[in-house]
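Hi,

Here is the structure I promised to pass on to you. Have a look at it first, and my notes follow just below.

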Amino acid sequence: MNPSKGLYFTWLGLIGLAIIGGLFAALRLFTEGHYLFDTNDVILWSLPLGVYIYLALTSSGLTLLASLPLVFGVKKFEPIAKRLVFLAIATLLGGFVSIGLELGDIFHMIYILISPNFSSPIWWMGFIYSVELVVLIVKFWRLHAGDWHSPLSRALGHISFIAALVAPLMIGSVFGLTESRVTYFGPVMSIYCLLMAILSGTALCLFYNLAIAKIGGYALSETKDSICNDIARIFTYTLGTVIVFTLVKVAIESAAVIPDFLNYRRYAQAFGGIGKINTEVLLGLLLPFVLMAIPALRASHGTRILASGLVLLGTLAMHMEILLAGQSRPIGPKAEQYPQYVSYFPSIYEWLVFLLAVAVALLLYTLGERYLRLEAAPEH
Amino acid sequence: MPRYAMVIDLQRCVGCGACSIACRSENNVPDGIYWSNKITETSGTFPNVRYHYIPTLCNHCANAPCVRGCPTQAMHKLPNGITMHNPNKCIGCKYCEFNCPYGVIYFNWRKPHPAWRDESQMIKGGTFSPAEEARKAGGKVVPYYNPERDETLPGIRPKGVVEKCTFCDHRVKKGLLPHCVQACPADARIFGDISDPNSEVSKLLGKFRPFRLREQLGTEPHVFYIRDFNPAHYQPSKGGV
């Protein structure tokens, strides 16, 4: 990347502003409480949690993609492996910032270690993502030191792969094990989260690699171009799989007459839609799939950036949609205090937490790109 | 070890709300949070309508989803079956509240009792501020503060953690009844050891056909409802003809 100095410092300035705003929000949240969010005892989990899910899953997707060269020995992908590991770390840290500011009392986090509950999916989710983060950091350190194939380096790759595979399943089970909310209940959420992780991870990989070349004003090398072609293919296949899964999900939800599903449907189109298909599915899944399915279009870098960018926005919207639609109705006696359906729009503090999480990830991307030789690959 | 349960006789319950008020003062419950609450329902179509009232509280489920999901064991079971919460371990993830099928867990979104923390006087130099009034009354944050609640749980829970009914474990420990049971003017709440076949709770459950809320979920709630108040009557006829 070789952007002009002015552009670079403007970019850092914008990130700095977002971080300052986020830190202000964090200070107010710690001192005043989470009433600053547009949440209540019906809508408990909102934008910061949706952002955490999104970033954590994306990080898992990036780690799974990095496993192709680091675990499964696909040598062709080695030139992007180090960058993928770094992006996974930075993205997960952004996610941790978001969930950290969503929690009511992070100073009690020590009890996750000294008083663990092994039957809690939240505990497992936190544990596995913490392991993933630590292992990824150590793995990155090994890669940075040029150690790609030592037993330690390989073992770290294997552990991070397993963690990245299991962690999305645990995020899904946080929802899938809630008997009180039929629309979440079951193993479907775990499978869905794993697919979404692969999709958003692949989308970010494609978007990032092409975008930095575009910003830097250089053409991709032949090797890099070939890698991007393969990533684009994986991206398109994953998109197709998620589309099939989403359409089946929509069909089942539309056909069910269980009251919870009827209620869920009322709020399942927060961003609008055509018929039963939500806007974010149309613009975030179907349109990118069409763009990537047409041979004349998918070869263009511009189309790939557009398609992966749409997917990155669409998957965040889809997570938010699912998160909110399942919570919009008060349970039991809470219907005495709250309306039949509770609406939600993020408060300024939730937007600031969102900006902080994204800014932390972007700052790390920027600094990593500048100082950490992310294109390094092993010498054969 | 006893296994505590509660029976609520819906025929005796008049819906006066004394249970909720007693609960608030016993447990220093903040505004907007209800350890003891109610579900009201209207059935039928006007003019053929009926009003139903079901008092609610934590069901102290045997298979409590809140306990299973809590990552730090802040929400836990006592040997006597009470589902207890330890705010000192709570990270405020709200998963228990998300997971509770009965809507009886609440989160402290702000410092509790904000109105009583207000230092502003309505007439400067002429009236007490709410905070001054609380201090003069010798309370802690609220003038009607009950220090006994402190015995097993912070008397007022801080912001950022959840809270819910504890079956007044601090009273039960001393052989007293939960305060909602004590305060019920219609004696509609019966509390006792369900593992003792001679307890009043066991006898009533054998005598009537109890129901529990959302029983199909398998959470094994330990708040049972018996009878139902309905003064309506109708003219017997053959098939309504």
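In β9 of chain B, B:V223 and B:Y225 point one way, while B:F224 and B:I226 point the other way, and all are buried. Buried here means under 20% relative accessible area, with exposed over 50% and partly exposed in between (1.4 Å probe, protein chains only). In a regular strand the side chains alternate between the two faces of the sheet. Helices (H or I, at least four residues) and strands (E, at least two) are DSSP runs, numbered from the N terminus.

Before going on, a word on where this comes from: it is a predicted model, in which local features need pLDDT of at least 70 and side-chain atom pairs count only at pLDDT 80 or more, while totals for chains, interfaces and linings use all residues. Residues are numbered from 1 along each chain as its sequence is written, chains are lettered from A and ligands numbered from 1 in the order in which they are written, and side-chain values use heavy atoms, with hydrogens and water left out.

The model scores ipTM 0.92 and pTM 0.94. For chain B the average pLDDT (the predictor's confidence in each residue, from 0 to 100) is 95, and 100% of the residues score at least 70.

Back to the sheet. Strand β9(B) belongs to an open sheet of 3 strands in chain B, ordered β8-β1-β9 with mixed pairing. Two strands count as paired if DSSP finds at least two bridges between them. β8 (189–193) and β9 (223–226) of chain B are at the edges with a single partner strand each, so one side of each has no neighbour in the sheet. From one strand to the next, the twist averages 25°. Angles run from 0 to 180 degrees between N-to-C directions, and axes are lines fitted to C-alpha atoms, for helices over the stretch in contact.

The two pairings look like this:
- β1 (residues 4–9) and β9 of chain B are parallel, over 4 bridges; B:M6 has B:V223 as its bridge partner in β9(B).
- β1(B) and β8(B) run antiparallel and are joined by 5 bridges; B:A5 has B:G192 as its bridge partner in β8(B).

β8(B) is mostly covered, with 5 of its 5 residues buried. Helix α8 (residues 200–207) of chain B lies across β1, β8 and β9 of that chain, at about 115° to β8(B).

As for chain B overall, there are 8 helices and 9 strands, and its C-alpha atoms fill a box of roughly 75 × 45 × 35 Å along the principal axes. Of the 241 residues in chain B, 51% are buried. Taking contacts (heavy atoms within 4.5 Å) between residues at least 6 apart in sequence, 61% of those in chain B join residues at least 24 apart.

Now to chain A. Helix α1 (residues 5–32) has 28 residues and reaches 40 Å from its first C-alpha to its last, close to the 40 Å expected at 1.5 Å a residue; the expected span is 1.5 Å times one less than the number of residues. Among the buried residues of α1(A) are A:Y8, A:I15, A:G21, A:G22 and A:L29, and what covers the buried residues includes α3 (78–102) and α13 (348–371) of chain A. After α1(A) comes A:G33, with a positive phi near 115°.

Helix α3(A) has 25 residues that should span 36 Å, and its end C-alpha atoms are 37 Å apart, which agrees. Since 21 of those 25 residues are buried, α3(A) is largely enclosed by the rest of the structure.

In helix α5 (residues 121–144) of chain A sits A:R142, which is buried at a relative accessible area of 16%. Leaving aside residues up to four places away in sequence, A:R142 touches A:D147, A:L152, A:S153 and A:L156.

How many disulfides are there over all chains? The count is 0, where a disulfide is a pair of cysteine sulfur atoms within 2.5 Å. The sulfur of A:C228 has its closest cysteine sulfur in A:C205, 7.0 Å away and too far for a bond; A:C228 is buried at 3% relative accessibility. For B:C180, the closest cysteine sulfur is that of B:C168 at 6.2 Å, again too far for a bond, and B:C180 is buried at 8% relative accessibility.

Best wishes
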